[in-house]
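Look over the sequence and the model below. Then read on for a short tour of some of its parts.

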Amino acid sequence: MASLTVRTPDGKVRTVSLLKRITSLGRGSDNDVPLEDANVPASALHVTFDGTRYEVGSLGATFHVNGKRRDNHALSTGDVVKVGGTELTFSREDAPREPVRREVPEREVPLPSAATASSDSHTAELPGVVGRELVLLKRLTAFSERLFGSYDVDRILESLLDEAIEVTRADKGFLILMESGEPRVKAARNVARENIEDAVEKLSDSIIAKVVKDQKAIIVADALDAPEFKASESVVNLKVHSVMCVPVMHKGDLFGVLYVGNDRLVNRFEPKSLDMLTVFAAQASLLLQNALLVNDLKLDNTELRRKLEDQRYGDIVGACQGMRDVYKRIDKIAPTDISVLITGETGTGKELIAREIHRRSPRTKGPFITVNCGAIPENLLESELFGHAKGAFTGAVATRPGKFQAAIGGTLFLDEIGEMPLQLQVKLLRALQDKVVYKVGENRGEPVDIRVVAATNKILEEEVKRNTFREDLYYRLNVVTVKLPPLRERGEDVIVLGRFFLQKYAREFNSKARGFTPAAAVSMKKYGWPGNIRELENRLKKAVVLADKPLLGADDLDLKPENLEPIMPLLQAKEEFQKRYINEVLARNNGNRTKTAKDLGVDPRTIFRHLEKLEAEKTGGPLPPDDNEELL
Ligand SMILES: Nc1ncnc2c1ncn2[C@@H]1O[C@H](COP(=O)(O)OP(=O)(O)OP(=O)(O)O)[C@@H](O)[C@H]1O
Ligand SMILES: [Mg+2]
């Protein structure tokens, strides 16, 4: 770095560094080097530096170099330039770093001269020290405010670098983040805010390595001359003269490095700049951590949503083995026209399943018509199903089609089929067999192209045995059975369904509720849910509406200890389980006792006895004698 030693006529001597490409000298205070000499014009000389040579030229004054008058002159160490009564001695050596203001005490901020601001060359055009820090602080605040709401990591990285380059007056910079312990360049920019492609391909860089290792900021003022770093890849690749590199820390751990470089020798970094960059890196760390955290959360959320997607089949939520078997069955039967009987306790989703079968069938564009066989008075059911002719009965003022006709081209859903009166069962059977229906009061048959899906929460085999349900109709409807497991047998699905309803109603009612306490989750799994999913949905809806905190407790769901299944003696529990299990296997085998006995590895008589016992319990009749055969 070059300098000029200035001796003014009043005898004062000072040395100033030549830090800019063009340094102006003259009497006026707006010069880079003001000269206290009445014989010097306001604008006198300039010293230019082209990267290799310093040259003095006139800006209006006549001057001499080493006693000879010159218009311009390439300067060498020891040259003495005389202008007016002032002597300027040139040196290529650095000027001693003295606070110039001490020598020129009358000059207060702002400090317009590069030479006088020699301790902070690259920020020379900013106001004086206090003012400069204020400006930086303002920039930092504005920058943070601008980016604080942003979670776009790439945008933050680029803005961060642009700002770091601007604040430190660097020519280029790059930002490195540690990924699995390895440094990776995440952004590389130059002063024109362009990305520098392949700025640093390999990161075996010695400067970065030192910062990563020591976790301390470093400044290399003359990188090309520094023995430790002159072979540094970043210095070579980026062709930089001076470098600042600071660690980006979070909670005491290094997670990245901010690196800026200057390729102008006259504009090298100095310690003050390092302080600035360090403050900057601390702020950057906060912004980045914030964005990275939010991105992680977003990923988590997407993951959760994806999981929920995995845990459902159309509108049907649940992924337990029992429900997966149901979905597999639906996949097979939906494309066909075969009749389906859906069985399951109340609230297990029979109607939902019927709709899903329709939705996945080739009839999906056709109508889905529901008949609730249990809700229509017996005398109206026939006309409801098949329609009636005008005058067929009192009140039949016009001819009306029935649900069968309405379902043409689509699916007819016969809900609560177990409630259908016996006389109508015959007519229904005929309609299903012939695919022809007769309106009440009409002899002309109408062909109907429909698919029938029926549902019941009764055990139809038992109704058949009791002669309340026709066996032939039972076989007609029950070409394929879809048996829905009760909620208490769906394992984790109770929580999955719980979360699903919680989210649904929290959105609908704008509620605070976000999840369950661990105790609530345990209670939900323990409770027997006699009303199944409908009960779960209703309890949750109520809890969500009344919620005044984010986590719903067992109390909020009215799952008090007395609602949980009672603890019973092991023997009794074994019996209960045995009963339930045999019923389940029987149902899976469509009531086939021999097959059930074979599957369970017991004598068929055990199954008969089990059924007799059930019947006796139901009717209050005498229990069959126990022959001490143990199932388990
Ligand atoms: N697996 C499920 N996923 C999401 N919602 C469900 C599920 N199963 C049932 N539901 C909901 O629970 C409620 C009861 O279901 P649905 O009416 O289909 O039961 P059901 O078996 O027909 O009952 P019932 O025998 O009393 O008529 C409905 O609101 C339904 O949307
Ligand atoms: Mg129903």
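## Contacts with the ligand

In this predicted model, a backbone N or O atom of G347 sits 2.8 Å from an oxygen atom of ligand 1. G349 also uses its backbone: one of its polar backbone atoms is 3.0 Å from an oxygen atom of ligand 1. R534 uses its side chain instead. An N or O atom there lies 2.8 Å from an oxygen atom of ligand 1.

How much of ligand 1 does the protein bury? Taken alone, ligand 1 exposes 630 Å². The protein buries 83% of that area.

## The shell around the ligand

Around ligand 1 there are 16 residues. T346, G347, K350, R534 and E537 come nearest. By type, the shell divides into 6 nonpolar, 5 polar and 5 charged residues.

## The largest nonpolar core

In soluble globular proteins, nonpolar side chains tend to be buried together. The largest nonpolar core in this model has 31 residues. Which of them touch the most other members? They are L175, L258, V260, F280 and L288.

Helix α6 gives the largest share, with 9 residues.

## A buried charged residue

Find E446 in strand β25, which covers residues 445–447. Is E446 buried or exposed? Its relative accessibility is 16%, so E446 counts as buried. The cut-off for buried is under 20%. The side chain of E446 also has a polar partner: it makes a polar contact with the side chain of K439, at 3.2 Å.

P401 belongs to strand β22, residues 400–401. P401 is exposed because its relative accessible area is 51%, and exposed means over 50%. Now compare sequence with space. P401 and L385 are 16 residues apart in sequence. Their C-alpha atoms are 8.5 Å apart.

Y581 is in helix α17, residues 570–588. At 38% relative accessibility, Y581 counts as partly exposed. Y581 and L600 are 19 residues apart along the chain. From C-alpha to C-alpha, 9.7 Å separates them.

Most residues other than glycine have a negative phi. What is the phi of E416? The angle is positive, about 50°, although E416 is not a glycine. E416 lies in the loop between β23 (411–415) and α11 (422–434). With 31% relative accessibility, E416 counts as partly exposed.

N590 also has a positive phi of about 50°, and N590 is not a glycine. Its place is the loop between α17 and α18 (593–600). At 47% relative accessibility, N590 counts as partly exposed.

Definitions and conventions. Residues numbered from 1 in each chain as written. Chains lettered and ligands numbered in written order. Predicted model: local features only at pLDDT ≥ 70, side-chain atom pairs only at ≥ 80, totals over all residues. Heavy atoms only, no water. Near = heavy atom within 4 Å. Polar contact = N/O pair within 3.5 Å; in protein donor to acceptor, adjacent residues only side chain to side chain. Areas by Shrake-Rupley, 256 points an atom, 1.4 Å probe, with all protein chains shown as cover. Nonpolar A, V, L, I, M, F, W, Y, C, P; charged D, E, K, R; others polar. Core = buried A, V, L, I, M, F, W, Y, C linked by side-chain atoms within 4.5 Å. Buried < 20%, exposed > 50% of the residue type's maximum accessible area, 1.4 Å probe, protein only. Helix = DSSP H or I, 4+ residues; strand = E, 2+ residues; numbered from the N terminus.
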